[in-house]
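My entries follow the order in which I checked things.

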Amino acid sequence: MAAPIYVESLIGSVKRLRLSPPKPSRIPHCSRRCLATQSPSSSLTSTPKDASVIPSQRRNATVVSSESPSLRSVRLPKSVQAAYLAPLRRPPTHGLPVCDLQLRSYSLRNLEVYADFAMRAAYYLGLPAKGPVPLPKRIERWTTIRGNFVHKKSQENFERVTYKRLVQIQDSDSHVVGLWLAYLRKNQYYGVGMKANLFQQSGLEMEDGPEADLEAETAKIEAALGQQLTMLESQLESPEEVEGRLVDEPFKAAWGAYGPMGGAGGATGAESRYQPVKVVESERGFAKRKEKSEGASESSS
Amino acid sequence: MAQFRAKKLDLGCFVNIMNIRDHTKRKVFEAHEPERQALRYTIRNTSLPQRTRAQAQLQLSQMHCYTRPTQIRNRCIMGGKGRGVFREFRMARYQFRLNALAGNIPGVKKASW
């Protein structure tokens, strides 16, 4: 399995470290071989030669070089040594997931470094962590015409790759997991997005009698629902108001009540403008049908 | 348009008469969306009387065209172009290409595979 990118960068930083201040006639390949044979703790006591090193650190470098023989044997603390090795993991007890932290970024370098940082923080907080699991990357592609006008045949492809890593915390207290997430957020790195799903397990039995808890739960639910309903009711209009918009003056004009045909059939005042034709039934044999038609006409009107 | 246009320009992107109009349409739609949805529901509810449904239909047709969601069009925020606009970047294709090549869009690079 290929080594992750952050290990390569750390190897590069080890190459840059040296015990004495920089000399112009230094041979690079000799020093690299020397550093490889030395133990990591002794080679890392000096400060790295970086453009970002502030003058006070450079002064420290000169001090170190003069006392280098005694400081070569100084052993770094275990936590500092562990920072240069792969992150330690705590063994899970039951394997039940408590938190799924997903890290997403457009670039791999800072994503892998941050995932590694999350793993180390989980170890020091005592959380059994699984990861970083690489989830499938998402590639979005767009093809655009190169010019701003015509020339459809010459186009250009662009893409955006989203890399994902998953860190899963198992068998931990939710408060500690919250602490870990807060720590990650406080030390968040640019270009890395985070999303966490938290899981909680609780027993089926209730602490006091079942009735007391149910009552308390129903009271809570009613209170919450009541709040929501009052909010909704304050926003909604009453049915009278809604109907008034359709029937009352001056809103009737909006839907054409005063139009040529007098609006839709059945509008107010329709009977005054139009008399329905009344059929006269003869008494002989049509008594039952008349009653039925009268009943039907009454129900329809 | 004059009745809905904001007294003070409240656009953050490229200022164009088309962008101003589209922005005004979006604000008016947002303000009248509940009323429109209520009328649409009234029209489509088959258990209501026919009279109410017809009235709602008429009232919906009388509403100003700026309240309709179909009038809204995604425009380029850099040039105001209405065609060839990518949703993820809110830019038209040429502006997207210029900014992508300049490195202004995070994560986007020239594809080669």
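These are my notes on confidence, the interface and a few local details.

**Confidence**

I began with the scores, since this is a predicted model. The ipTM is 0.86 and the pTM is 0.60. I then took the chains one by one. Chain B averages a pLDDT of 93, and 100% of its residues score at least 70. For chain A the mean pLDDT is 73, with 58% of the residues at 70 or more.

Where does pLDDT stay under 50 in chain A? I found residues 11–20, a stretch with 23 contacts beyond four places in sequence. I also noted residues 25–64 of chain A, where the pLDDT is below 50 and the model has 39 contacts beyond near neighbours in sequence. Where pLDDT is low, predicted coordinates should not be read in detail, so I left the matter there.

**Interface of chains A and B**

Next I looked up the contact. Chain A brings 26 residues to it and chain B brings 25. The buried area comes to about 2500 Å², and carbon and sulfur atoms give 59% of that. Which residues of chain B lose the most area to chain A? They are Arg51(B), Arg93(B) and Arg97(B), which together make up 23% of what the chain B side buries.

The rule finds two salt bridges across the interface. One entry I wrote down is Arg97(B) with Glu156(A), a side-chain salt bridge at 2.4 Å, N to O.

Then I asked which elements of chain B supply at least two residues each to the side touching chain A. I listed α2 (50–62), α3 (93–102) and β3 (108–110). The most comes from α2(B), with eight residues. By type, I sorted this side of chain B into 13 nonpolar, seven charged and five polar residues.

I also found strand pairing between the chains. β3 of chain A (residues 155–170) runs antiparallel to β3(B), over three bridges. I looked up one partner: Arg160(A) is bridged to Val108(B) in β3(B).

**Salt bridges and a helical turn**

Over all chains the salt-bridge count is 11. I picked out Arg120(A) with Asp116(A), whose closest N and O atoms are 2.7 Å apart. Why are they about one helical turn apart? Arg120(A) and Asp116(A) are separated by about one turn because they sit four residues apart in helix α7 (residues 108–124) of chain A.

**Backbone checks in chain A**

Most residues other than glycine have a negative phi, and most peptide bonds are trans. I noted two entries against that background.

The peptide bond joining Gly131(A) and Pro132(A) is cis, with omega about -5°. Pro132(A) lies in strand β2 (residues 129–145) of chain A.

Is the phi of His151(A) positive or negative? I read a positive value near 60°, in a residue other than glycine. His151(A) is placed in the loop between β2 and β3 of chain A.

Conventions
Residues numbered from 1 in each chain as written. Chains lettered and ligands numbered in written order. Predicted model: local features only at pLDDT ≥ 70, side-chain atom pairs only at ≥ 80, totals over all residues. Heavy atoms only, no water. Contact = heavy atoms within 4.5 Å. Buried area = accessible area lost by both parts, 1.4 Å probe. Salt bridge = Lys/Arg side-chain N within 4 Å of Asp/Glu carboxyl O. Nonpolar A, V, L, I, M, F, W, Y, C, P; charged D, E, K, R; others polar. Pairing = 2+ DSSP bridges. pLDDT = per-residue confidence, 0-100.
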